[in-house]
Amino acid sequence: MISNSRFILIVYFFLIFAVSACSITSKTEVSSEKTVLSPEEIDVQIKKNALNTAGIVINGAKIKIIQNNQTQRLRANLKSIPGESMLISLSSSLGIEIARALITPDSIRFIDRINRNYLIGSYSTVASIYNIPVDYKLLQDALFDLQSLYFQSFHYPTKNYKPKDGYFQFFKEDHQITYHFKIDQDNFFISRVQLNFHNLPKIITLDYSNYTKFDQFFIPMDISATISDQDKTIQVNINYSDMRIEPVQIKLIVPSSYHRIYP
């Protein structure tokens, strides 16, 4: 059985990392000629790999969650219309659907199949209930435009950067989060991002690997997240396959027999 708080946590992190690929071709061999770059130059290189699309379908994403020496394995399917809505279905390793969530710019709603209940609420409501920071643009950018998620709308430290051990590394922050980056100096892939939330006792470390070409873009097929709180650590490993770019229709029907748990 999966609790509502665990479900929201899984949804949040799945969407943060939900970039997948099919039609795999060879990995990039681009090489950087400059060894000292300004923040603006790094930003330009990063955004060259930004991916946007009119519709997306992801099937069979594998999720492994490790907490308190226990391992839980899940599968996830997702549909999205950028700027409008995202629909995610979570299933057990046996293929039994556990929960389904519809996320729009204004609200989050989900159905708990195990307990036969559902929740509808704003982002602020969900964040206050589960102590998890969520935002539609953040989730959408993570899903369709991984490279711009961390690099747009923030102020860079005013200095040039020289790579060390094959990576550019730097810190920056906004009013909510302090970010620590590791960026591959040759291909400008994001290798690691650490997020330290100012108002929450939570640190998230994201490791991206196995960047693979999809059409003209390179995206990470394997992502590992460590979520550290005051009294617990959760490890989330995600592997992606079977992605299609095509028109989609999204809706979420709540069975009449289900109980609304909030408000």
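Guide: Start with asparagine 210, which is found in strand E10. Strands (E, at least two residues) and helices (H or I, at least four) are DSSP runs, numbered from the N terminus. The model is predicted: local features need pLDDT of at least 70, side-chain atom pairs count only at pLDDT 80 or more, and totals for chains, interfaces and linings use all residues. Residues are numbered from 1 along each chain as its sequence is written, and side-chain values use heavy atoms, with hydrogens and water left out.

Visitor: Why is asparagine 210 called partly exposed?

Guide: Buried means under 20% relative accessible area, exposed means over 50%, and partly exposed is in between (1.4 Å probe, protein chains only). Asparagine 210 has 34%, so it is partly exposed. Its phi is also positive, about 55°, although asparagine 210 is not a glycine.

Visitor: What makes threonine 205 buried or exposed?

Guide: Its relative accessible area is 13%, so threonine 205 counts as buried. Threonine 205 also has its place in strand E10, residues 203-214.

Visitor: Which residues does threonine 205 touch?

Guide: Contact means heavy atoms within 4.5 Å. Leaving out residues up to four places away in sequence, threonine 205 touches Arg192, Val193, Gln194, Ser224, Ala225 and Thr226.

Visitor: What makes the link between threonine 205 and glutamine 194 a polar contact?

Guide: A polar contact is a pair of N or O atoms within 3.5 Å; within protein, one must be able to donate a hydrogen and the other to accept it, and residues adjacent in sequence count only if both atoms are side-chain atoms. The side chains of threonine 205 and glutamine 194 make such a contact at 3.1 Å.

Visitor: Why is the pair of aspartate 207 and arginine 192 called a salt bridge?

Guide: A salt bridge is a side-chain nitrogen of Lys or Arg within 4 Å of a carboxyl oxygen of Asp or Glu. Aspartate 207 and arginine 192 meet at 2.6 Å, N to O. The pair links distant parts of the chain: aspartate 207 is in strand E10 and arginine 192 in strand E9 (residues 190-197), 15 residues apart. Aspartate 207 has a relative accessible area of 25%, so it is partly exposed. Arginine 192, at 34%, is partly exposed as well.

Visitor: How many salt bridges does this rule give?

Guide: The count comes to 3. One joins glutamate 97 to arginine 100, with the closest N and O atoms 2.8 Å apart. Another joins glutamate 97 to arginine 113 at 2.9 Å, N to O. Glutamate 97 lies in strand E4 (residues 97-103) and arginine 113 in the loop between strand E5 (108-112) and strand E6 (117-121), so the pair ties together parts 16 residues apart in sequence. Glu97, Arg100 and Arg113 are linked in a network of salt bridges.

Visitor: How do you know that strands E1 and E2 pair?

Guide: Two strands pair if DSSP finds at least two bridges between them. E1 and E2 are joined by 10 bridges and run antiparallel. Glutamine 67 stands opposite glutamine 70 in E2. In this hairpin, with 2 residues between the strands, asparagine 68 takes a positive phi near 55°.

Visitor: What makes asparagine 69 buried or exposed?

Guide: Its relative accessible area is 82%, so asparagine 69 is exposed. Asparagine 69 lies in the loop between strand E1 (56-67) and strand E2 (70-81).

Visitor: Which residue is the bridge partner of isoleucine 63 in E12?

Guide: The partner is isoleucine 238. E1 and strand E12 (residues 233-239) pair in the antiparallel sense over 6 bridges. E1 also pairs with strand E13 (residues 243-244), again antiparallel, over 2 bridges. There, valine 57 stands opposite arginine 244.

Visitor: How do you know that parts of the model call for caution?

Guide: pLDDT is the predictor's confidence in each residue, from 0 to 100. It stays under 50 over residues 1-11. It also stays under 50 over residues 15-33. Where pLDDT is low, the predicted coordinates should not be read in detail. For the protein chain, the mean pLDDT is 75, and 73% of residues reach 70 or more.
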